[in-house]
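Visitor: Please show me the structure. I have some questions about its chains.

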Amino acid sequence: MTTTGQVPGAEGFTPPGPGDFNLPPVFGDSVLFAKPALLLVVSAVAVFGFFFVTSRRTALVPSKAQYVGEQGYGFIRNSVARDVIGSQHFLKFVPWLVATFFFILLNNLFGIIPLIQFPTFSRSSFAYGLAVLVWLLYNGIGIWKHGLLGYLRHVTMPAGITGPILVLIIPLEFFSTVLVRPVTLALRLFANMFAGHLLLILFTLGGEYLLLNSDKVLYNSVGVLTLILAVAISFLELLVQLIQAYVFTLLTAIYIQGALAEDH
Amino acid sequence: MSRFLAAEGEEINPLVPHTAEIILAVVVFLILVWLIKKYVMPSFEQTFAARTEAIEGGLAKAEAKQAEADAALDELNKRLSEARHEAARIREDAREQGAQIIVEMREQAQEESARITSQANAQIEAQKQLVLAQLKTEVGTLATSLAGRIVGESLEDEARQRRTVERFIAELESQPSRQGS
Amino acid sequence: MSEPPQRVPAADPWAAFGYLVGGAGFYAGVGWLLDQWLETSFLLPAGLLFGIALAIYLVFKLHLNA
């Protein structure tokens with residue numbers, strides 16, 4: 001997890017920084033063979049493997065593993081897809097939303113899973129990729145549903161606002177729907193993972209440095225306290241990771257619903 | 001490798017995207033969506049549908065059972081009340097019949113008694129006629145014997161005559177009890 | 001499993017943020033362009049404030065009054 005710059009040495013403690021997220025490739029010379037990209041692929045395989053196995057032996061009375069898979073799938077299906085999009089259209093989007101939630105969740109959880117310990121979406125590019133897909137999805141649905149002009153009107157003209165002020169509102173609505181949405185979607189996920197991971201590195205490495213590289217007992221004990229805090233922060237991160245996965249999925253569903261809605 | 005190590009020293013902006021990573025994320029995610037849609041969703045949806053059906057089917061079955069039971073109970077109550085009416089009717093009939101029978105029996109008894117009475121009367125009448133006829137012949141014989149006796153004894157006086165007649169009547173009076181029975 | 005009554009989904013909880021960023025960004029941009037054109041310097045902050053005000057109006061109008 002650490003790069004060479006963070007190994008405590010005689011020159012003193014080097015605080016962790018953005019460089020800690022630029023991991024070298026495991027082999028070759030491409031960013032695609034670096035740890036984050038490999039984790040991304042592994043997570044997709046794991047998510048699919050989990051659902052594939054738990055959905056195989058389908059019985060009315062589910063086994064334990066099947067129950068877990070079913071609960072996960074059913075949670076996104078019912079509590080997110082159906083409740084937000086509505087029972088008429090939601091089924092088409094269930095695979096997308098299930099994939100979104102569990103893909104992001106597992107990649108986030110990588111941040112605190114021992115030995116892996118890298119939240120994949122702390123690499124902004126991955127978050128951009130998902131946000132671009134969501135952007136294409138909801139705009140595509142809107143255009144498919146209302147036609148291009150109809151969708152533009154749907155997006156830019158909120159119901160309940162009339163008169164000359166509408167002229168001023170139109171560019172604002174357009175900006176917030178078409179441009180701000182994907183950016184905030186990507187940045188929210190990325191920034192949370194990035195900051196959380198940075199915090200964890202700081203507390204772990206700082207604690208380790210204080211504990212091992214200091215002659216003073218006071219510093220050593222502060223180092224122990226810092227390491228304990230790092231554990232506490234790990235639990236906080238677990239919460240953040242869950243919430244971010246859920247928020248990303250929920251917002252995707254809300255955007256789909258907004259594009260499908262008859263009126264704004 | 002050198003690129004990444006070189007990046008260590010420079011100012012790194014984590015917001016700057018790497019095209020390769022964006023494409024990787026897009027491709028991996030789309031494949032995941034497709035796989036879930038193709039291999040996971042049908043199975044789960046089928047299970048959900050089957051379970052829904054099982055629950056709703058069970059409910060429907062229970063409802064049908066309940067309706068059946070209700071119908072049976074209704075039928076039973078109907079039958080019971082019919083039976084009750086029937087019993088009441090039968091009782092009423094029996095009472096009427098009993099009353100009629102009593103009346104008929106009474107009439108029969110009266111008829112019988114009247115018949116017996118009239119029979120007895122007729123018998124008595126016949127016996128009476130018989131006795132009268134006997135009496136008549138006997139009275140005749142007696143009268144003849146009395147007359148003979150009166151003539152034979154040569155009646156001297158009135159007192160003697162009267163005694164003779166009285167004796168004769170006393171004989172008569174003692175006789176019929178023997179003869180009549 | 002009967003479908004639950006379809007509640008009207010709450011709008012994007014970050015819609016207000018989107019309006020603020022969109023409004024401020026767009027009208028600040030417009031102000032900047034006008035500044036370039038008219039060779040003034042006050043239109044950018046004016047546009048920024050105007051955009052924010054418009055965004056706040058929109059949030060109140062669309063979400064808080066509904």
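Visitor: What percentage of the 181 residues in chain B is buried?
Guide: This is a predicted model: local features need pLDDT of at least 70, side-chain atom pairs count only at pLDDT 80 or more, and totals for chains, interfaces and linings use all residues. Residues are numbered from 1 along each chain as its sequence is written, and chains are lettered from A and ligands numbered from 1 in the order written. A residue is buried if 20 or more other C-beta atoms, placed from the backbone, lie within 10 Å of its own. In chain B that share is 8%.

Visitor: Which element of chain B gives the largest share of the side that touches chain A?
Guide: Contact means C-beta atoms, placed from the backbone, within 7 Å; 34 residues of chain B are in contact with 42 of chain A. Two elements give two or more residues to that side of chain B: α1 (2-9) and α2 (19-153). Helices here are DSSP runs of H or I, at least four residues, numbered from the N terminus. With 24 residues, the largest share comes from α2(B).

Visitor: How far apart are the end C-alpha atoms of helix α1 of chain C?
Guide: The helix has 24 residues, 15-38. Expected span is 1.5 Å times one less than the number of residues, so this helix should span 34 Å. The model agrees, with the ends apart by 33 Å.

Visitor: Which residue with positive phi follows α1(C)?
Guide: Within α1(C), buried residues include C:Tyr19, C:Phe26 and C:Gly31. After the helix, phi is near 55° at C:Glu39.

Methods:
Two residues are in contact if their C-beta atoms, placed from the backbone, lie within 7 Å. A residue is buried if 20 or more other C-beta atoms lie within 10 Å of its own, exposed if 12 or fewer, and partly exposed in between; C-beta atoms are placed from the backbone.
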